[in-house]
Number of protein chains: 6
Amino acid sequence: MSKVVTMGEIMMRLAPPNNLRLGQSTSFDIVYGGDEANVAVSLSNFGIDAAYVTKLPNNPFGQEALNYIRKYGVNTQYIVRGGKRLGLSFYEIGVSMRPSRVFYDRSGSAIAEAEISDFDFDKIFKNAEWFHISGITPALSKKALALTEKALAMAKKHEVTVSIDLNYRRKLWSPERAREVMTGLMKYVDICIGNEEDAEKALGFKPANTDVYKGKLNLEGYKDIFIQMKERFGFKLVAST
Amino acid sequence: MSKVVTMGEIMMRLAPPNNLRLGQSTSFDIVYGGDEANVAVSLSNFGIDAAYVTKLPNNPFGQEALNYIRKYGVNTQYIVRGGKRLGLSFYEIGVSMRPSRVFYDRSGSAIAEAEISDFDFDKIFKNAEWFHISGITPALSKKALALTEKALAMAKKHEVTVSIDLNYRRKLWSPERAREVMTGLMKYVDICIGNEEDAEKALGFKPANTDVYKGKLNLEGYKDIFIQMKERFGFKLVAST
Amino acid sequence: MSKVVTMGEIMMRLAPPNNLRLGQSTSFDIVYGGDEANVAVSLSNFGIDAAYVTKLPNNPFGQEALNYIRKYGVNTQYIVRGGKRLGLSFYEIGVSMRPSRVFYDRSGSAIAEAEISDFDFDKIFKNAEWFHISGITPALSKKALALTEKALAMAKKHEVTVSIDLNYRRKLWSPERAREVMTGLMKYVDICIGNEEDAEKALGFKPANTDVYKGKLNLEGYKDIFIQMKERFGFKLVAST
Amino acid sequence: MSKVVTMGEIMMRLAPPNNLRLGQSTSFDIVYGGDEANVAVSLSNFGIDAAYVTKLPNNPFGQEALNYIRKYGVNTQYIVRGGKRLGLSFYEIGVSMRPSRVFYDRSGSAIAEAEISDFDFDKIFKNAEWFHISGITPALSKKALALTEKALAMAKKHEVTVSIDLNYRRKLWSPERAREVMTGLMKYVDICIGNEEDAEKALGFKPANTDVYKGKLNLEGYKDIFIQMKERFGFKLVAST
Amino acid sequence: MSKVVTMGEIMMRLAPPNNLRLGQSTSFDIVYGGDEANVAVSLSNFGIDAAYVTKLPNNPFGQEALNYIRKYGVNTQYIVRGGKRLGLSFYEIGVSMRPSRVFYDRSGSAIAEAEISDFDFDKIFKNAEWFHISGITPALSKKALALTEKALAMAKKHEVTVSIDLNYRRKLWSPERAREVMTGLMKYVDICIGNEEDAEKALGFKPANTDVYKGKLNLEGYKDIFIQMKERFGFKLVAST
Amino acid sequence: MSKVVTMGEIMMRLAPPNNLRLGQSTSFDIVYGGDEANVAVSLSNFGIDAAYVTKLPNNPFGQEALNYIRKYGVNTQYIVRGGKRLGLSFYEIGVSMRPSRVFYDRSGSAIAEAEISDFDFDKIFKNAEWFHISGITPALSKKALALTEKALAMAKKHEVTVSIDLNYRRKLWSPERAREVMTGLMKYVDICIGNEEDAEKALGFKPANTDVYKGKLNLEGYKDIFIQMKERFGFKLVAST
């Protein structure tokens with residue numbers, strides 16, 4: 001019965017220490033995290049009662065992921081245990097000219113393979129005021145898309161305000177598939193968060209007259225996009241990151 | 001409204017890595033812990049709803065101590081924030097012939113200086129079934145003794161079962177002072193935990209005929225002590241560690 | 001054109017440093033290895049020309065696995081690059097009473113999904129004298145079993161001596177499935193390596209009169225098994241580990 | 001019988017490695033240091049015979065503090081052993097926008113509780129040429145102020161040149177209290193070191209016409225301060241840091 | 001029978017971790033490397049068949065140096081084992097204003113004391129197309145100079161293209177000695193690599209009119225140097241670094 | 001003017017952390033030490049005024065070696081600076097069945113190449129009561145032998161009690177050469193320390209009747225050796241280690 005509910009995937013992120021490259025290092029530092037989990041942690045640190053919903057495997061890594069969010073006071077009572085594995089990411093921190101790199105090894109993760117019946121959304125959204133997701137979860141798998149859609153529908157049923165961070169990830173799906181899926185979900189969304197790339201890749205909006213303003217930041221064009229998005233999907237608010 | 005409540009001091013324990021000696025090491029590993037906090041963590045790991053009561057300073061070390069117990073699912077809602085410092089201990093791990101050593105730097109800690117009015121024991125013990133403390137807290141300071149006694153009295157008022165781990169610490173007080181204080185607290189106690197040294201130092205019980213059985217483990221004598229303790233203080237149970 | 005050829009899976013093994021438990025550690029030490037790769041490394045360290053055959057993904061972890069065996073002078077020219085991922089294992093080192101634990105996260109690895117057409121066995125076994133595999137690879141997947149059988153058949157065609165380490169792994173398959181698969185492969189095998197558990201689980205041999213000798217090491221019974229195995233499958237040699 | 005004598009508090013400074021935040025790190029790097037001790041170390045590194053005076057507890061941390069300064073060739077024969085604890089500081093290194101933070105845990109330290117009778121200043125200043133202290137020591141406690149004043153008086157008696165680094169620390173005392181104490185000590189001082197903030201907070205000097213030159217560096221105004229300070233207290237030299 | 005052959009010294013480089021200074025650190029990170037070895041490693045990483053020629057001691061450090069280059073797929077079959085020691089360098093990484101420092105401890109190393117008869121250059125250069133050395137090896141010792149000259153002569157005999165990186169190192173020899181030695185080697189060289197300092201210190205070329213263009217980058221003058229070098233020594237190519 | 005004087009070589013010892021093997025580790029832990037330096041450190045820790053005599057190079061490693069002994073309060077005023085390098089040793093800690101291994105890289109060290117004229121023994125031994133050396137220093141080089149003999153002669157001239165720890169090291173010299181040198185030095189020695197191996201290898205004493213008592217500890221025979229040694233060289237005391 002938390003005020004804010006977020007749902008998504010939490011992964012074990014492995015990164016070489018001291019800015020070393022993958023392949024140079026003989027050890028990895030371990031960090032647990034995920035976009036929606038981090039939102040819940042931040043809210044909890046600010047004193048807001050936040051719950052995080054996910055599915056975590058019954059192994060030491062699933063337990064550590066749970067402990068990580070519990071440590072910051074996030075309500076973890078709706079987290080379901082089971083499934084085969086925790087998603088992994090390998091992260092190489094960029095240094096000066098060298099860009100950062102990430103390698104995902106997340107297919108078949110517990111949340112990607114979770115069933116709708118794993119979760120009791122009536123209980124989860126009872127007395128909740130806000131539900132936050134990202135565009136990452138529906139990109140994980142067909143099951144994760146179905147779960148996302150069910151969660152959104154149930155949030156609406158309980159008159160919970162819904163926000164989504166579009167967060168287009170090219171390693172997970174093509175712009176075409178993203179657009180197909182994401183436009184279908186927008187009817188549940190009250191507040192849409194994203195940058196211009198997200199707006200284009202995940203929802204198909206392009207600023208007008210981009211050829212004319214080439215090379216300059218086309219602020220008017222972006223404003224135009226956000227107005228279009230608001231009109232098209234009936235968002236209460238569009239926030240650019 | 002947890003089923004089990006424990007109360008005590010949680011400290012930051014600093015120990016050299018790799019079994020190095022204090023004075024040889026250029027770094028310390030940081031661990032948070034305390035006897036009663038560890039009991040709450042263990043119960044929570046077994047799935048029992050446990051709350052931990054203490055006072056922690058408003059600094060990064062107090063926050064980390066709080067996060068540590070929260071990480072394991074312990075109910076931390078009764079923890080009070082404030083006071084001057086978190087108690088410290090420096091721990092040198094023994095290796096083969098070299099015994100372990102501990103140096104406490106805990107005087108003036110938040111819980112040692114806490115006021116009775118910092119805590120709402122009616123709320124804490126409402127619906128609680130069990131209250132657990134140790135003989136360490138009353139040894140910390142006069143205020144900590146007063147706080148302990150108040151907590152015990154309030155637990156009794158709410159008909160909560162009370163257990164105490166005698167845990168005599170010679171670095172904190174003399175056997176004489178321990179006996180004076182501890183015997184006064186036993187009227188609130190249902191279950192008394194301790195070994196023979198604790199029974200002697202903290203409560204003044206000695207096995208009969210120790211001269212006769214010198215050099216042998218006097219099991220009968222110990223049994224006799226525990227029977228005496230049960231009779232004298234009306235314990236429901238005496239458990240030897 | 002190496003004298004000895006081994007084939008199998010090489011994994012990235014992640015283990016907490018300093019004998020910490022999985023879940024206690026904030027870092028992992030990285031080690032690459034696999035039973036058949038380790039055999040190739042040992043032979044190379046003894047100055048024997050050994051080649052290792054596997055499939056490794058085109059990512060930094062596949063490259064590191066390749067570099068690891070190349071470092072010890074193993075011939076890596078037959079290693080194929082491609083596939084989705086490198087298999088992982090998480091290893092917790094046991095300490096005194098606490099046993100070691102391993103968690104595999106290896107499904108979908110490059111070698112488990114490799115095609116027979118990925119490898120040119122005529123080239124690999126030309127002038128080779130010895131081929132060594134283990135019972136782990138055929139347990140990985142149907143494709144890995146087909147690949148193992150093809151490799152064994154090609155080795156026989158080139159009149160290469162074949163050794164197998166039975167190495168039954170209960171986390172990979174049931175004794176029933178192991179027996180079904182492994183007995184089918186024995187016709188290619190000249191030298192069979194394994195202990196009594198492997199003989200029973202992977203090939204279905206039990207020592208006679210085990211009831212009678214209960215509690216004692218039934219050396220005669222084991223000798224009997226090995227003689228039966230030799231007769232049944234025509235092994236030149238049976239080695240117990 | 002060293003040429004230069006410095007006196008003050010040496011603390012154990014604990015800081016997370018790799019620029020981590022307090023609360024993120026599971027270990028601390030240990031460094032010993034203190035303003036006046038560092039001056040003695042620097043002088044010794046330049047080949048000047050320097051002694052450091054302080055009181056250190058009879059525990060491994062006091063011993064390590066002693067060893068630290070002895071390592072650099074500083075004369076440690078006047079250091080007194082005893083007292084309850086070594087002062088601690090916890091240091092978080094700032095990174096880009098994030099400022100550095102320090103948390104002191106130094107009350108009740110050996111030098112803060114030292115007695116005048118602990119030290120034989122006639123022996124310490126015999127043949128000495130220079131005595132250096134800072135404005136930190138008199139801020140520690142009443143006893144530390146009395147000790148500082150005694151040391152200054154004894155230095156003067158032995159015709160030793162006295163320098164002081166004002167070093168105003170707002171976590172130790174208010175400007176009002178600092179001014180009251182520090183102006184009383186200036187009669188013993190030959191050379192006064194400090195910046196404008198120190199001059200204002202510790203001695204009460206403000207540059208003239210600060211309103212007029214607001215926002216600009218008022219070099220004339222500062223020069224004016226230093227001339228005033230020199231006149232008021234009879235300093236031979238004022239050095240700005 | 002590799003396409004490219006490089007020859008030189010590989011050292012164990014010891015450097016304090018975390019940008020610490022030599023003298024501050026209680027540990028060293030170990031890296032193996034050398035200019036010509038690094039060229040072979042880079043070529044091998046680009047898929048070019050490269051061999052590295054050197055002499056390495058029969059101890060764990062010589063073995064590790066060998067393993068290091070073997071790891072990257074460099075052909076190590078011409079490396080000779082023997083001699084007394086592996087050269088060492090101690091490296092302090094510069095930070096902002098503090099320049100980097102290196103301390104060599106390489107005299108008496110296996111390659112510096114190697115005999116010409118240790119190597120079979122007819123075999124090494126058979127079918128090779130390119131031979132690369134640097135100006136470091138001839139500076140190591142008289143034996144290393146003789147070895148370098150023999151290798152160059154044998155490369156020419158086998159009609160192998162020869163490149164040299166002048167790489168003048170003032171800690172190894174004076175400009176006078178460098179010039180005397182290096183000008184004598186240039187007759188074997190087809191491609192000469194170096195910057196202006198190398199051209200001056202190792203070969204004695206100075207840009208014309210340096211007085212006139214003082215303080216400006218005299219590009220014309222440098223171009224002039226390189227043309228002179230080409231004419232004087234008959235280089236096919238001069239590359240500035 | 002210290003009471004006890006010791007003289008010898010102090011080396012930088014590099015050892016892999018966590019009991020890793022040389023060749024497995026990517027870092028070394030740094031420790032400074034030497035037999036005679038360790039004696040001086042121990043004496044100083046017990047409060048005895050001890051000086052250590054050696055020659056150390058003018059580089060960061062020589063400085064660190066100096067700081068190491070100074071840290072423990074040893075008198076370092078007679079240490080001479082100069083020479084080419086600090087001796088190194090690489091140490092692999094044995095684990096269970098695997099014995100420890102040490103690789104020396106100490107030839108050409110500052111003390112091995114030191115001149116007699118580097119030291120002012122009249123000043124060093126003035127008021128000294130005890131001089132301690134080991135059998136390692138005379139084994140380092142001809143110059144180090146000459147230095148040792150001079151030091152012993154000067155100690156005798158100043159009527160200083162002389163002790164020697166025979167400490168035969170087979171990696172430094174043969175038993176024949178050791179005997180030749182060491183028997184020549186015994187005339188200066190008052191107290192001789194060593195075990196049976198040292199007595200045999202460095203001085204040529206064998207227990208009588210070793211054939212008869214083969215396999216048993218021949219205590220009588222050893223006692224006999226020590227009596228012979230005492231008689232032959234006029235030792236005041238022979239101590240077995």
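**Entry 1. Strand E1 of chain D**

I began with D:Thr6 and looked for the residue across from it: D:His132 stands opposite, in E9(D). This is a predicted model, so I read every entry here as a reading of a prediction. I then looked up how the two strands run. E1(D) and strand E9, residues 130-134 of chain D, are parallel and are joined by 3 bridges.

Next I checked E1(D) against strand E4, residues 50-53 of chain D. These two strands also run parallel, and 4 bridges join them. I noted one pair from this set: D:Val5 has D:Ala51 in E4(D) as its bridge partner.

Are the residues on the two sides of E1(D) buried or exposed? I found D:Val4 and D:Thr6 buried on one side, and D:Val5 and D:Met7 buried on the other.

**Entry 2. Nonpolar cores**

I looked up the largest nonpolar core and found 133 residues in it. Those with the most contacts inside this core are E:Val5, E:Ala40, E:Tyr52, F:Val5, F:Ala40 and F:Tyr52. In chain E, domain 1 (1-133) and domain 2 (166-241) each give at least three residues to this core. I also recorded a second, separate core of 132 residues, which includes B:Val41, B:Tyr188, D:Ala37 and D:Ala151.

Which residues does E:Val5 contact, apart from neighbours within four places in sequence? I listed E:Ala51, E:Val53, E:Ile124, E:Phe125, E:Ala128 and E:Phe131.

**Entry 3. Chain C against chain A**

I counted 15 residues of chain C in contact with 15 residues of chain A. On the chain C side, strand E3 (27-33), helix H2 (60-71) and strand E8 (101-105) each supply at least two residues. E3(C) gives the most, with 4 residues. By type, I have 6 nonpolar, 5 polar and 4 charged residues on that side of chain C.

I then looked at the strands across this contact. Strand E3 of chain A, residues 27-33, runs antiparallel to E3(C), and 3 bridges join them. One pairing I wrote down is A:Ser27 with its bridge partner C:Asp29 in E3(C).

How many degrees of rotation superpose chain C on chain A? I read 179 degrees, with 0.1 Å of shift along the axis and an RMSD of 0.1 Å. The two copies are thus related as by a two-fold rotation axis. In chain C, the C-alpha of C:Phe28 is nearest the axis, 2.6 Å from it. I also noted that the same surface serves both copies, since 100% of the contact residues of chain C recur in chain A.

**Entry 4. Chain E against chain C**

Here I found 5 residues from chain E and 5 residues from chain C in the contact. The chain E side divides into 1 nonpolar, 2 polar and 2 charged residues.

Chain E superposes on chain C by a rotation of 180 degrees with 0.0 Å of shift along the axis, RMSD 0.0 Å. The C-alpha of chain E nearest that axis belongs to E:Lys71, 1.8 Å from it. The same surface is used by both copies, with 100% of the contact residues of chain E recurring in chain C.

**Entry 5. Pairs without contact**

I found no contact between chain B and chain C; their closest C-alpha atoms lie 8 Å apart. Chain D and chain E do not touch, and their nearest C-alpha atoms are 8 Å apart.

Technical notes:
Residues are numbered from 1 along each chain as its sequence is written. Chains are lettered from A and ligands numbered from 1 in the order in which they are written. This is a predicted model: local features need pLDDT of at least 70, side-chain atom pairs count only at pLDDT 80 or more; totals for chains, interfaces and linings use all residues. Two residues are in contact if their C-beta atoms, placed from the backbone, lie within 7 Å. Ala, Val, Leu, Ile, Met, Phe, Trp, Tyr, Cys and Pro count as nonpolar, Asp, Glu, Lys and Arg as charged, and the others, Gly among them, as polar. A nonpolar core is a set of buried Ala, Val, Leu, Ile, Met, Phe, Trp, Tyr and Cys residues joined through C-beta atoms within 7 Å. A residue is buried if 20 or more other C-beta atoms lie within 10 Å of its own, exposed if 12 or fewer, and partly exposed in between; C-beta atoms are placed from the backbone. Domain bounds come from an automatic or database domain assignment. Copies are superposed by least squares on the C-alpha atoms of residues with pLDDT of at least 70 in both. Two strands pair if DSSP finds at least two bridges between them.
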